[in-house]
Amino acid sequence: MNPRGDLLDRLQARGVLRPLDVELGRCLLDLEADVPMELGLLAAAASLAVSQGHSCLPLSQLPAVLGEACGDDDALPELPAVEHLQQALQTSRWAAPASDAAVEPLLYDEERVWLGRYFHHEGRVAQVLRRLLSAPAPAVDADALRVALDPFFALGGAEPDRQALAALTGLISPLTVITGGPGTGKTTTVLWLLAAWIGQRRASGQAAPRIHLAAPTGKAAARLSESLRERIDALKVDEDVRQALPTTASTLHRLLGVRRGSMHFRHHAGYPLDTDLVVVDEVSMVDLPLMARLLDALPEGARLVLLGDRDQLASVEAGNVLAAVCAAAGEGAVSPARAALVHAVTGVWVNSHADAGRFADAVVELHRSHRFDGDSGLGQVAAMIRAGEGDALCRGLTEATYVDVHLDEGAAQHPPTALVGRHVERFAALAHCDDPREALAMSTRHRVLTALRDGAWGSHTLNEAFERTLRQRAGAEPDALWYPGRLLLVTRNAYGVSLFNGDIGVVLSDAEGVLRAWFPDAEGGVRKLALAALPECESAYAMTIHKSQGSEFEAVDIVLPPHDARVLGRELLYTAVTRARRQVTLVATPDTLRRTVARSTRRFSGLAARLTASSD
């Protein structure tokens, strides 16, 4: 046993480092007898940081990253000073100054250290996004742009139309990022943008473009497809334009071409996608490695449109690409040249600044919610959560200010009893649906969302409580795995049967009386699968907030534990609240709400700085 690894062993014994982290640190220490202890610690801590969602580790934040893992900074042993960490990096041949050409396991700058792979993921994302915005600008005809946008927008109003600005950006820029909260019109805007772009190309005699729609999960892809299909028929466009519009989205994994048994995709820089434009929805859920692989497969000359809500939870895996791009864009002012073009096309001036960079012109934030206005309870609560105003939120809830958002502090004492009693009838009704489409539609009316998976306030415990009652209602055995009306959540991708992590289905009998699992299909219908063909699933009466991303329900109950938990933060609560269209019940104590709203999730990354750097 290498004595230089004693600190790693102590950190593992205290529950700070995982076995994987310790093994990585020890591998580095075992390379040579003179590898300093600090280098093994940094390798292990950088690995831990990736598991927490960071793509790099600021040296000054080493105690915070380790303390987050054990929940108590005071429980940590004495750690090396920052200057000793820097010295270890600078004197070891197994670490190198961060650069695209470096191949060492650890890469560093004055403030941060990266696992080499994640530094290069950041570099690839920055390189491609900057290349898109560095492409020679085509000649712009303001009159032609106005003609293209006029069928979809009322141009020339007193205030800037942010949706029109986003569509205009998409017509002239190889990279367009449209961000905004739920109901702000991101999907409608991208549909109008695509229709305007196809119309432009048709008018100039060009072939219909090859457009691909994608999302990080099957559930998000299905919702994007459904939203577009609902809107296309109402478009006032020529039939050839309507026929050229895409209506089916896929997961990013399927778009890139998953290879079974391999970490590599079929499409990459050497074999890029056959596309003219890629639209990615719910981009806040896309992790750094997956974004790097998507951009690697984007062919020269293709355009990219990213849609997402930067205030939602970041991806489960490392990175927060949308936040980094929005940070690179600044606070909303565009370049003077872009402002002049917007005025020429729309007749309205927008804020501009001489120092606004390329990303400022590419990112458009939509502010107006068409689902609920700022005066609705849901709108006000979402805004207070985003702003970190926990005291104001709790005051409004305890005074019953909002008709569509309620606080149920009593149910927070024992959620299984309270929530099963309140909602079991609506879930039991699924078993009596003759039409699987009706059952799946009914299932979107309500959902219980939890911050945790395990424990008394977790989705696992709540699902067990629902299942005990629902099995009894269905006349099934107490331990029956399958019973009519069971609501399913797929937890592992299964490409052979086209099911993906996060997909929702329901168990019902087919025409022969055989229990089958029914899932939405890509065309808005349903398809059935034999129960034996299903991948790993769990019940979906309650689901974690992370799993709910990309979904919408009429009403949600949000369960937060009374004790502190690392996952609690305003992004988590904002994501949960904005899953609801009409009604939210917060099953929590005021203290928990204040603590949750006060905490903002941090993601350490070097991406935003690399996006705005003069060279990479």
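Trainee: Why does Thr187 count as buried?

Mentor: Buried means under 20% relative accessible area, with exposed over 50% and partly exposed in between (1.4 Å probe, protein chains only). Thr187 has 17% relative accessibility, so Thr187 counts as buried. This is a predicted model, in which local features need pLDDT of at least 70, side-chain atom pairs count only at pLDDT 80 or more, and totals for chains, interfaces and linings use all residues. Residues are numbered from 1 along each chain as its sequence is written, and side-chain values use heavy atoms, without hydrogens and water.

Trainee: Which element holds Thr187, and which residues is Thr187 in contact with, leaving aside neighbours within four places in sequence?

Mentor: Thr187 lies in helix H9; helices (H or I, at least four residues) and strands (E, at least two) are DSSP runs, numbered from the N terminus. Contact means heavy atoms within 4.5 Å. With neighbours within four places in sequence set aside, Thr187 is in contact with Leu224, Ser227 and Leu228.

Trainee: What makes Gly185 buried?

Mentor: Its relative accessibility is 14%, and therefore Gly185 counts as buried. Gly185 sits in the loop between strand S5 (175-180) and helix H9 (186-203). Apart from neighbours within four places in sequence, Gly185 is in contact with Gln163, Leu366 and His370.

Trainee: Where does the label "binding site" come from, and which residues are listed?

Mentor: It comes from an unreviewed UniProt entry, which lists Gly180, Gly181, Pro182, Gly183, Thr184, Gly185, Lys186 and Thr187. UniProt positions are given in the numbering used here, feature names are shortened, and annotations may be inferred rather than shown by experiment.

Trainee: Which residues does UniProt list for "domain: UvrD-like helicase C-terminal"?

Mentor: The unreviewed entry gives residues 540-587. That span is 25% helix and 38% strand, and its end C-alpha atoms lie 18 Å apart.

Trainee: How many helices and strands does the chain have, and why is the chain called as compact as a globular protein of that length?

Mentor: The chain has 25 helices and 20 strands. Its radius of gyration is 26 Å, close to the 25 Å that the globule rule gives for 616 residues, so the chain is as compact as a globular protein of that length. The radius is taken over C-alpha atoms, and the rule is 2.2 Å times the number of residues to the power 0.38.

Trainee: What share of the residues in the chain is buried?

Mentor: Buried residues make up 55% of the 616 residues. Among contacts with a separation of 6 or more, 70% are between residues 24 or more positions apart.
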